[in-house]
Amino acid sequence: MTSGLRDRLKSETRETHERLDALPSATALREGTLPADALVTYLRAMRTIWRSFEELLEAATDPRIEPFKQASLSRSELAARDLETLGSEGPQTCSLAEVRAHLLAHRIRRMDPARAGGLLGCLYTFRGSLLGGRLLGQGMVRGPGAYNKRDLTFFFGREEEASPEWARFVERLDGTSVSEGERQEAGEAALVVFEGIEAVMSVIHPVPDTTAWVPALELNPEAGTHRVTVEDDELDVALRAGERSWDAFPYYAARYGDRGLAFTRSDSAWLVTLARIPESRAIERVLWLGHVLAARGMPLLLLERHLQLLHDELVAHVSTATPGRYASLASAAKTLRDMRTRFMDDDGLAVADEHFTRSLPENERGRIPGAGTVLAAAVADDRGGVVGALDSVQAWFTDSERFSDAWVEAVHELLEWSAEQVGGRVTG
């Protein structure tokens, strides 16, 4: 007996799939009339999206996903190969479509590799796109552009990825045992991918009026109209660094949820642009942002760590980075670190976090890992004159509707302990 997952996913994504197929860019691909520059945009966007999916699939831990993993040249690598053949590889400014591709890639990376439901939904959309991709590639080969099949390997891939392999995939998909909850997760994930690709394809051809394009709003609808980086390598690194910074402090997710993650995206992409202005001005803007965030419950420590991580990742992964290009980000991180360590260094934070954890009942010790670090950092900010830093953090962590009496008592105890320590330098 099959699970019927394929039919369910097909039904739940049909409307979005039909809208996607009707887009002018999809029609132009099928008819072989997509302009050369739009084809390059398409390949660059698909490379970004597929790379994140391949990373997610590789990280999958549920044994039910293992049969779907294939040892073959990745689709993102095929897109990169085609771009090189077309003479369009290398550092470039992102188009609107590519910014949207980076956003979808971010959303794919945020999916849980331990949850089979979401992975199966992604597999359905990505594996199905291989079959459709061959039809699109045939259109480009037959069209007026006279493309050679060997120059469009992203579309054609391997011969064994044709119809017979799709049938085997569907059989395997329907043969996978899934719960009702996992079916729902699969449908949600499939829609995320379909709708994300629809958003990308809708601005590949024809290209919309770019005067209305505000990249910050593309990354986060609640962001302002401030500038963010639209350099391809930088944007990719900024989003990934933001994700790593977010994951390093579970407090973010516990308090701010998806809305906070959206601001992490736009803030990280904005912080990169500070490397283009004089260091003194960059530090001034970081201090302004740091005080704003601290008053909203995010101690300066969080921005400090984000900046340092962002700097290190940019230096390591941006191919065009010149010596010192991102030095102002490291200098800004050092400024925040120097402010904090007047009262509490890294060892002091570790001691505080351990102290807080020991004060909690065993059943609450894993609720928000690193909570003691956040609380102690807020005390250091308060001692340093950062207005509202401690009030906001304390109010949230002692909310009796959110936390138990034992938790609240442990918070008060840690704050008293930390306050005693910050009169001098806290060390381990």
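## Start with α12

In the second largest pocket, α12 does the most lining work, with eight residues, the largest share. Keep in mind that this is a predicted model.

## The second largest pocket

There's about 610 Å³ of space in the second largest pocket. It has 24 lining residues, and those closest to its centre are F263, D267, L293, R296 and M298.

Besides α12 (250–273), at least two lining residues of the second largest pocket come from each of α11 (232–248), α13 (279–295) and α14 (300–317). Sort this lining by class and you get 14 nonpolar, six polar and four charged residues.

## The largest pocket

Now for the largest pocket, which holds about 750 Å³ of space. Its lining runs to 32 residues, and if you want to find the centre, look for H17, D21, G128, S129 and G132, the closest ones.

Which helix gives the largest share of the lining here? That's α6, with 11 residues. Its span is 116–142, and α1 (5–22), α2 (24–31), α3 (36–59), α7 (153–156) and α9 (180–201) also put in at least two residues each.

## Quick recap

To find your way around the model, go to α6 for the largest share of the largest pocket's lining, and to α12 for the largest share in the second largest pocket.

Technical notes: Residues are numbered from 1 along each chain as its sequence is written. This is a predicted model: local features need pLDDT of at least 70, side-chain atom pairs count only at pLDDT 80 or more; totals for chains, interfaces and linings use all residues. Side-chain values use heavy atoms; hydrogens and water are left out. On a 1 Å grid over the protein atoms alone, a cavity is a set of points where a 1.4 Å probe fits but cannot get out, and a pocket is an open set with protein on both sides within 12 Å along at least five of seven lines; lining residues have an atom within 4 Å of a point. Grid points are joined across faces, edges and corners, and a volume is the space filled by probe spheres set on the points. Helices (H or I, at least four residues) and strands (E, at least two) are DSSP runs, numbered from the N terminus. Ala, Val, Leu, Ile, Met, Phe, Trp, Tyr, Cys and Pro count as nonpolar, Asp, Glu, Lys and Arg as charged, and the others, Gly among them, as polar.
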